[in-house]
Amino acid sequence: SLNYARPVGDFAAGQLHLGTKIKYLRVGLSQVGIRFGDVTDSEKIFNDLKDAEFEHEDNVGFDLGAAWQGDIYHLGLAWVNVNQPEFKFSGISQEGLQKANILSEIKDHKKYVMESQAKLSAGLFTVDKRWSMNMGLDVNGVEDVMLDASQWANVSGAYNSANRYFSAVRAGYRQNLIGTELSYISAGLTMFNFLNLDVASSLETVEINDTTLPRSFAVNLGIAQSF
């Protein structure tokens with residue numbers, strides 16, 4: 001992705017900024033159909049899943065955003081995937097399938113539209129901008145390529161230091177308001193002013209072989225640079 005933003009108005013109460021993001025998108029999907037009534041060889045099923053080849057589709061998307069920057073607060077509105085990029089896949093073989101609801105589900109997975117979404121954000125920070133608190137809300141829910149629905153609400157806090165090696169630390173909480181309705185706690189660290197390391201774990205758990213594990217866990221490593 002490539003971002004561009006600039007101030008378009010300077011007022012006594014703050015500044016208005018407008019921006020856009022252009023994204024190159026490459027979406028890969030592998031699909032395997034299994035009739036549960038024919039499950040007699042579990043090893044073959046897992047091998048079929050493991051050996052399934054990804055089918056890739058490419059497209060371009062863009063976002064628009066507006067932000068109001070005050071002395072100790074900011075407000076933001078983003079419109080994500082304005083052009084609603086579309087991806088088409090060959091789908092699963094329908095051989096031997098007759099039920100209308102199953103055929104309809106297979107048809108739904110032959111095309112994925114990255115739906116547009118509005119996002120609200122707000123933040124409060126100290127005058128020196130060392131301490132900050134941020135909130136965000138997805139105005140509408142969307143589905144990903146697996147047709148899983150999401151609409152996130154989040155709140156987080158951060159501390160920005162003058163230390164070159166450990167530039168910032170942050171922690172937060174977020175919840176999916178639809179779909180899985182999973183909730184997460186997260187923590188992150190920025191090093192050398194450009195390297196971001198973040199981890200997140202769901203509060204919901206699952207039992208596997210008498211061991212309690214989070215239903216979801218994520219680690220993210222990213223690089224960010226302003227120019």
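Reader: Which residues do ring pairs link into a cluster?

Author: In this predicted model, the cluster linked by ring pairs consists of Y165, F192 and F194. The search of the whole structure finds 6 aromatic pairs. One of them joins F192 and F194, with 6.4 Å from centre to centre and 35° between the planes.

Reader: Why is the pair of F192 and F194 called tilted?

Author: Two rings pair if their centres lie within 6.5 Å, and the centres of F192 and F194 are 6.4 Å apart. Planes under 30 degrees apart count as stacked and those over 60 as edge-to-face, the rest being tilted. The planes of F192 and F194 stand at 35°, so the pair is tilted.

Reader: What makes F192 and F194 partly exposed?

Author: The term covers what lies between buried, under 20% relative accessible area, and exposed, over 50%. F192 has 39% relative accessibility and F194 has 32%, so each counts as partly exposed.

Reader: How do you know that R26 and D58 form a salt bridge?

Author: The criterion is a side-chain nitrogen of Lys or Arg within 4 Å of a carboxyl oxygen of Asp or Glu. The closest N and O atoms of R26 and D58 are 2.9 Å apart, so the pair qualifies. D58 itself is partly exposed, at 37% relative accessible area.

Reader: How many salt bridges does the whole structure hold?

Author: The search finds 5 salt bridges. Among them is the one between K119 and D138, at 2.9 Å from N to O. K119 belongs to strand β7 and D138 to strand β8, so this pair connects parts that are 19 residues apart in sequence. Another joins K88 and E86, at 3.8 Å from N to O.

Reader: Why is the contact of K88 and E86 still called a salt bridge at 3.8 Å?

Author: The limit is 4 Å, and the N to O distance of K88 and E86 is 3.8 Å, so the contact falls within the limit. K88 counts as exposed at 51% relative accessibility, because exposed means over 50%. E86, at 34%, is partly exposed.

Reader: Why are β1 and β17 called edge strands?

Author: The open sheet has 11 strands in the order β1-β2-β3-β4-β7-β8-β11-β12-β13-β14-β17, with antiparallel pairing. β1 (2–11) and β17 (217–223) each pair on one side only. Neighbouring strands of this sheet are turned by 15° against each other on average, direction ignored.

Reader: How do you know that β1 and β2 pair?

Author: Pairing needs at least two bridges between two strands. β1 and β2 (residues 14–29) share 9 bridges in the antiparallel sense, so they count as paired. D10 stands opposite Q15 in β2.

Reader: What makes V127 exposed?

Author: Its relative accessible area is 70% and the cut-off is over 50%, so V127 is exposed. V127 is found in the loop between β7 (117–125) and β8 (131–138). The nonpolar surface patch of I72, L124, V127, M133, M135, V155, Y173, I185 and L203 has about 810 Å² of accessible area together.

Methods. Residues are numbered from 1 along each chain as its sequence is written. This is a predicted model: local features need pLDDT of at least 70, side-chain atom pairs count only at pLDDT 80 or more; totals for chains, interfaces and linings use all residues. Side-chain values use heavy atoms; hydrogens and water are left out. Patches are made of residues with over 30% relative accessible area and no salt bridge: like charges are joined within 9 Å, nonpolar side chains (Val, Leu, Ile, Met, Phe, Trp, Tyr) within 5 Å. Accessible areas come from the Shrake-Rupley method with a 1.4 Å probe; for residues, only the protein chains shown count as cover. Helices (H or I, at least four residues) and strands (E, at least two) are DSSP runs, numbered from the N terminus. Buried means under 20% relative accessible area, exposed over 50%, partly exposed in between (1.4 Å probe, protein chains only). Axes are lines fitted to C-alpha atoms, for helices over the stretch in contact, and angles run from 0 to 180 degrees between N-to-C directions.
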